[in-house]
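Here is a brief report on one protein chain. It covers confidence, backbone angles and surface charge.

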Amino acid sequence: MRGWVSFSATALLCAFATQAFAFDPQITDAWVRQSLRGEKVTSAFLTLRADEDAAIVAASSNVSKSALLAQVQRHPSGFVTNKILRQIPVTSDEVNVLANQGYHIMLMNLKPSGVHAGQTVQIRLKIKSKEGEIVEREFNAPVRGLIAR
């Protein structure tokens, strides 16, 4: 009986220790750029903090058929393109900002009505820890006009 109690106590402590150090990325300051009339794509931006190195590996939204992970690339000629990525790196203990002219989420094939300033967009991210654990974070992002940043 005594061995069983000791084993149970150890198992319980391990369970709490695992929960205490569970991968828990935090998202703040999210927003989506307003789409222009007839435009089928827009971008989402946010700030992400994680207690260990990780990567955003997927995204989705309630206003688009698909979402892509992307990075703005500026070519020596001045030409700017979006590079589509398999993942966006997240560095631990740093503020990871997805911003205009950098990493961002492209919301593709928008609904015909588009997105307009004052609306709120639901976004879901899948974030993979360096240990391989995948967590999902769903959040609401306000839509801002083209001038507001």
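## Confidence

The protein chain has an average pLDDT of 88, where pLDDT is the predictor's per-residue confidence from 0 to 100. A score of at least 70 is reached by 85% of the residues. Helix H1 (residues 2–20) has the lowest mean pLDDT of the elements, 54. Strand S3 (residues 54–61) has the highest, 98. Elements are DSSP runs numbered from the N terminus: helices are H or I, at least four residues, and strands are E, at least two. Where pLDDT is low, the predicted coordinates should not be read in detail.

This is a predicted model: local features need pLDDT of at least 70, side-chain atom pairs count only at pLDDT 80 or more, and totals for chains, interfaces and linings use all residues. Numbering runs from 1 along each chain as its sequence is written, and side-chain values use heavy atoms, without hydrogens and water.

## Positive phi

Most residues other than glycine have a negative phi. Aspartate 29 has a positive phi of about 55°. Aspartate 29 lies in strand S1 (residues 26–33). Its relative accessible area is 54%, so aspartate 29 is exposed (buried is under 20%, exposed over 50%, partly exposed in between; 1.4 Å probe, protein chains only).

Aspartate 93 also has a positive phi, near 55°. Aspartate 93 sits in the loop between strand S6 (88–90) and strand S7 (96–98). Aspartate 93 is exposed at 69%.

## Negative patch

Asp51, Asp53, Asp93 and Glu94 form a surface patch of negative charge (residues with over 30% relative accessible area and no salt bridge, like charges joined within 9 Å; a salt bridge puts a Lys or Arg side-chain nitrogen within 4 Å of an Asp or Glu carboxyl oxygen). Aspartate 53 is in the loop between strand S2 (41–49) and S3. Aspartate 53 is partly exposed, at 38%.

Methods: Patches are made of residues with over 30% relative accessible area and no salt bridge: like charges are joined within 9 Å, nonpolar side chains (Val, Leu, Ile, Met, Phe, Trp, Tyr) within 5 Å. Accessible areas come from the Shrake-Rupley method with a 1.4 Å probe; for residues, only the protein chains shown count as cover. Lys and Arg count as positive and Asp and Glu as negative; His and the chain ends are not counted. The place of a charge is taken as NZ of Lys, CZ of Arg, CG of Asp or CD of Glu.
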